[in-house]
Every structure is written in structure tokens, then in C-alpha cells.
Amino acid sequence: PKTDIVFLKVHKSASSTVMNILFRFGEMHNLTFAFPIGGGNQLFYPRHFLARFVEGFSPSSPRRFNILCHHMRFLQPEVHKVVSSSAFYFSILRNPVKLMESSFAYYKGASAFSRVRSLEEFLRQPYHYYNPTDGDRHYARNLMTFDFGFNPDGEASAERVKLMLKAIEASFDLLLISEYFDESMVLLKEMLCWDLDSVVSFPLNIRDSSTKSPLSDTVVEKIKDWNRLDWEIYTHFNRTFWERIDRDIGRERMQREVKALRERQGELARTCLQGMGSVAPKHIKDSSLKPLQHGSARILGYNLKQGLDKETERMCRRLVTPELQYSSALYKKQFAQSLP
């Protein structure tokens, strides 16, 4: 199994669920994480990543960490300083139309969105609200492009797009697609030589469907246009994703693997969860399992079954612990010796 991993956590793309998978694997195998200094949950995002943002890194005695997975704006030469040169790099992408709709609900406080009532209103005259010099502009335009380290306001010329795709391909071993999450997990498991249980998960940091609204065709086209760079990245890697499945796994085997993954997830849901699924924040009984609420999104969570034996309880709890709580527990564990 591969244990040196860089995951570029792209915003609002099922990346919290992937992070939970990495946290669990790292904890089970006593791996080290490249944590933000002070144990925060972002590596000084939205600045480009620098090695010195990592707790325990020092240029004089470069220490390598196994897993780098907290939010960052990608900059490979700096990433190289904190992980092994043989590390496996991957990320996950999401359809930019869905991504922008989610971003609008989640980052309603961002400068570009704060003065509009709806996404439609914003898209009617985006430059009326969007200012390329705002520090939080990236939440409103080409968010994936930004997270990969590129300029979200760059023109989408064929030449520029080609260079950007080339650069991403040169840096990353695998790009997953959040719309095909289960297929993505099967592919990840194959590439990392992990077992099935290592990639089983319950969806984390997802919002209640009551805050989602259907988009008209006009709005969909406007979103694609406004996020042209993201759209180019997504369509390109969605295509190569399926090419890779055909080449490495084949559709039939993929179907069988996805079925096995879903069956195992169902089994774990029956074992671990009260009521089999996610619940609204107000119904989460254990406060340590409450996810952070953000913007106008209502983020769902889980209740564990009562009366589980110790070992099962521990396994179940890992599966449903929200990102911030899990991250901070692992940070404390990793730096227990050095914390005052």
C-alpha cells in the first residue's frame, strides 16, 4: 500500500469525505500528516502553499511527512519540500455548474456574493459585484483553477488552457470526479493498492437538499461561460477519468467493484448509524460530531447507534467525525510530546 500521499483538497467537491478516508488510513497506519502551523485547518489558504506553513518543518533539517491533505493553493516546488519524492499526487474535481451553485450557498459572505440575493442576479452582471482585486474573489470564479495555483481571471485561450492542463497532468497522478464518487474510490484503491474498507466512507460536509435550487438552462450556460477555465479542466479530466477506467479496470469489473463498495457502505451504515443516514444539525445528539455550519448551507451530520462495543464504536466514530474535529484530534496526537 502506498503511504506517501498529496491530496489537493479542492473546495466543495466531496473533498471532506476524501479527507476522512486519508485521516482514517493515516491513523490506522501511524502515518504523519503535514498539519498547518498551530493545527488550523487550512495551510494559509488562499496564499500559495509554502513549506514553512507546515508544523514541524524546518529548512535546516527537512522532515518529510506522509500525508499532505489540508486546504492549500497548490505550488509544487514547495510541496516537494515536505513530502517524499515518490509521493502519489491526486485531487478531485466537480462539475463547475454544481460547484458554483454550492459555492454561492456556502460562501454567501464573500465580497462578490454578499450584495446579491440570488446566483441569477450575480450572473446577470457579474462585474458589477465581482472585483478581481478582492482577497476572496476566488470563491466566485474558477475556484478549481485557483486551487490548482493558476490565475482564475486568466483568459481562456486555447493556448493557455493547453498549458494549464499539461501542468496539472505533469503534477498529478490521478484526478477523480466527484459526480462519480464510488467509481473514483475504486480507482483510488487500485492506484494506492489499498483494501476496500480503506476507501469506504459516509458523505461528509454535505448540505441539506432544501437549500439547493434547480438552475435554468440559461443560468447553466452563464455559469460555464463565467467559469470557462474550470469548465475546460473538468471536461478534460472527466474524459481521461473514463479512459483510465477502460484501460486499467474495464467497465464490467468497475460495476462489480462499485457494487461491493456500496454493499459494504450499507453494511457499515446498518452497524454504525441511527436511522441509516444523515440528519439535520439540530438532530445531532453528540456535540463532538456536529459539523461546522457555514453561509446559508445547512450541513448534515450523523448519530451513532448506542450500545456498540468499544472497537466497533471507535471504527464507526472515525467514519462520521467531521473534518475539523478529526483534524484537531490527529494534530494533538501527532504533537503530543511537543505541546506544552
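The legends below describe close-up views of a predicted model.

Local features are reported at pLDDT of at least 70, side-chain atom pairs count only at pLDDT 80 or more, and totals for chains, interfaces and linings use all residues. Residues are numbered from 1 along each chain as its sequence is written, and side-chain values use heavy atoms, with hydrogens and water left out.

**View 1. Helices α3 and α11 cross at roughly 130°.** Helices (H or I, at least four residues) and strands (E, at least two) are DSSP runs, numbered from the N terminus. The axes of α3 (residues 96–106) and α11 (residues 228–248) come within 9 Å of each other. Axes are lines fitted to C-alpha atoms, for helices over the stretch in contact, and angles run from 0 to 180 degrees between N-to-C directions. On the α3 side P96, V97 and L99 take part, and they meet D230, W231 and Y234 of α11. By class, this contact has 5 nonpolar, no polar and 1 charged residues. Here Ala, Val, Leu, Ile, Met, Phe, Trp, Tyr, Cys and Pro count as nonpolar, Asp, Glu, Lys and Arg as charged, and the others, Gly among them, as polar.

**View 2. F35 and F335 form an edge-to-face pair.** The whole structure holds 30 aromatic pairs. Rings of Phe, Tyr and Trp (its six-membered ring) pair if their centres lie within 6.5 Å; planes under 30 degrees apart count as stacked, over 60 as edge-to-face and the rest as tilted. For F35 and F335, the centres are 6.3 Å apart and the planes stand at 65°. F35 lies in the loop between α1 (15–28) and β2 (67–68), and F335 in the segment after α14 (323–334), so the pair ties together parts that are 300 residues apart in sequence. F35 is buried, with a relative accessible area of 0%, and F335 is buried at 6%. Buried means under 20% relative accessible area, exposed over 50%, and partly exposed in between (1.4 Å probe, protein chains only).

**View 3. Ring pairs link F104, F113, F122, Y127, Y129, Y130 and W226 into a cluster.** Within it, the ring centres of F104 and F113 are 4.9 Å apart and their planes are at 65°, so this pair is edge-to-face. Both F104 and F113 are buried. The charged end of R141 sits over the ring of W226, 3.9 Å from its centre. A charge sits over a ring if NZ of Lys or CZ of Arg is within 6 Å of the ring centre and within 35 degrees of the ring normal.

**View 4. The buried residues of helix α10 (residues 217–226) are V219, V220, I223, K224 and W226.** These residues pack against α3, α4 (119–124), α5 (126–129) and α11.

**View 5. I21 and E27 are both found in helix α1.** I21 is buried, with a relative accessible area of 0%, and E27 is buried at 18%. The C-alpha atoms of I21 and L319 are separated by 8.1 Å, although the residues lie 298 apart along the chain. Leaving aside neighbours within four places in sequence, E27 is in contact (heavy atoms within 4.5 Å) with F33, R318, Y326, L330 and K333.
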